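Open the model in a viewer and keep the selection tool at hand.

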Amino acid sequence: MSNAPLDQSGVWRYREFIPFLESDHRVVTLREGSTPLLDAPAAARYAGLDRITFKHQGFNPTGSFKDNGMTCGVAQALRLGMTRVACVSTGNTSASMAAYASAAGLQPIIFIPHGNISYGKLAQALEYGARTLQVEANFDQILALVRQLAERLGIYLLNSINPFRIEGQKTIMIEMMDQRDWSVPDWVVLPGGNLGNVSAFGKALREMKAHGLIPKMPRLAVIQAEGSAPFYELMHSRDRSRLNPVGHPETLATAIKIGDPVSWPKALHEITESNGLVEKVTEQEIADAKAVIGQAGIGCEPASAATLAGLRKLVAAGAVRPDSDVVAVLTGNVLKDPDYIFKYHTGVLEDFSGSRIRPNFGNAPAVVPNDTERISLLLET
Ligand code: F0G
């Protein structure tokens, strides 16, 4: 009930779970977290489920779940007395870091794969005042480069390998359980890219269980895009001691276009501990699931829709029972990638191999003359 800024943050109100600060007087909050759980009967029907609930992280201040972790990462940068922070990003981390660093008076420096992030995300980085470098390489190559640069230049690295960000992302699960009055769902489903989020979710659930807040863990299901699915391959191979990176990851869901996810060992641990699953989905499946989430009045960015697409596959295969209690985490806001949306609905969206995505749930706009009669006629049919 408190109006204190930290108590209004959906991250810091759970600060007993993230006890790394001696004092919280310098923490910068943009009122991250406090994101809703939304029921979506039409999306449930599409997946073959009796019901589904979306935990929508797109309601965050910069429109993605990255804000939950970034308020913690920036707090740690301030604690260490850093003046500059950096990240490599497929777009959302950079948007979030730009906002939180600028709000905290730190200089944000972001490295993004040139031509491979959505304009919504790039625009945010520019608007929030980040020094923005578009590198002619893919995410995995840039991450290796930035790890060296950060050390050489004394810049604090705020990628999801940063453990303080993972601490903040734990609160997504803690808040979800709080909102459900601590009733444990059967499944929590999320998209997987660099695999930081599934690591955070698993850690939070294990800690809540250890503290006696929940009696058992839900099962975690990670969904990857088919062209960027090294974790799926790992989970379906006999030898899980080593991940084989995808050299040229591809997907229109650019947020999860990652071939060499750094957090795979932690993610493997969490999937194993929770008796979880990993599935992969095609570009067509992601696009259609995204439109279905949109038609439910909810909307999300492409990577987030992998959850519903994956669930549909898992239910059809008998891996998830239709009467399961399922929470799917929508990681990013619908406005992050408007270009994708417009192309899908007008039937011109093409996947990375140049094949046309069918607008199975397309909703193209009509161009009409400025004429009452003609418009009336059109709307009567
Ligand atoms: N969904 C969205 C919208 C994302 O932006 C990301 C990751 C993921 C899912 C995957 O989460 O990496 O923890 O498995 N985006 C990062 C970025 C890589 O740079 O913004 P993950």
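Begin by selecting Ala86, Phe111, Val146, Leu149, Ala150, Leu153 and Ile155, which line the second largest cavity. Here a cavity is a set of points, on a 1 Å grid over the protein atoms alone, where a 1.4 Å probe fits but cannot get out, and lining residues have an atom within 4 Å of a point. By class, this lining has 7 nonpolar, no polar and no charged residues. In that count Ala, Val, Leu, Ile, Met, Phe, Trp, Tyr, Cys and Pro are nonpolar, Asp, Glu, Lys and Arg are charged, and the others, Gly among them, are polar. Color helix 6 (residues 139-153), which gives the most to the lining of the second largest cavity, with 4 residues. Helices (H or I, at least four residues) and strands (E, at least two) are DSSP runs, numbered from the N terminus. The second largest cavity holds about 30 Å³ of space; a volume is the space filled by probe spheres set on the grid points, which are joined across faces, edges and corners.

This is a predicted model, in which local features need pLDDT of at least 70 and side-chain atom pairs count only at pLDDT 80 or more, while totals for chains, interfaces and linings use all residues. Residues are numbered from 1 along each chain as its sequence is written, and side-chain values use heavy atoms, with hydrogens and water left out.

Next, go to the largest cavity, with about 320 Å³ of space. Of its 30 lining residues, select Phe65, Lys66, Gly193, Asn194 and Ala255, the closest to its centre. Helix 4, helix 7, strand 7 (187-191) and helix 8 each give two or more residues to this lining, and helix 8 gives the most, with 3 residues. The lining of the largest cavity divides into 12 nonpolar, 15 polar and 3 charged residues.

What sits in the largest cavity? The ligand does, by the criterion that more than half of its atoms lie within 2 Å of the grid points. Show the 20 residues around the ligand, of which Ser89, Gly193, Asn194, Leu195 and Thr331 come nearest; a residue counts as near if one of its heavy atoms lies within 4 Å. Helix 4 (92-104) and helix 8 (196-210) each supply at least two residues of this shell.

Now display the polar contacts (pairs of N or O atoms within 3.5 Å). An N or O atom in the side chain of Ser89 is 2.7 Å from an oxygen atom of the ligand. A ligand oxygen atom is also 2.8 Å from a polar backbone atom of Thr93, and a backbone N or O atom of Asn194 lies 2.7 Å from an oxygen atom of the ligand. Taken alone the ligand exposes 480 Å², of which the protein buries 98% (Shrake-Rupley method, 1.4 Å probe).

Move on to the largest pocket, with a volume of about 490 Å³. A pocket is an open set of grid points with protein on both sides within 12 Å along at least five of seven lines. Select Gly115, Ile117, Ser118, Thr254 and Asp339, the closest to its centre of the 25 lining residues. Helix 13 gives the most to this lining, with 4 residues.

Finish at the second largest pocket, of about 190 Å³. Its lining includes Met1, Asp7, Arg13 and Tyr14, and helix 7 gives the most, with 3 residues.

Key:
A polar contact is a pair of N or O atoms within 3.5 Å; within protein, one must be able to donate a hydrogen and the other to accept it, and residues adjacent in sequence count only if both atoms are side-chain atoms.
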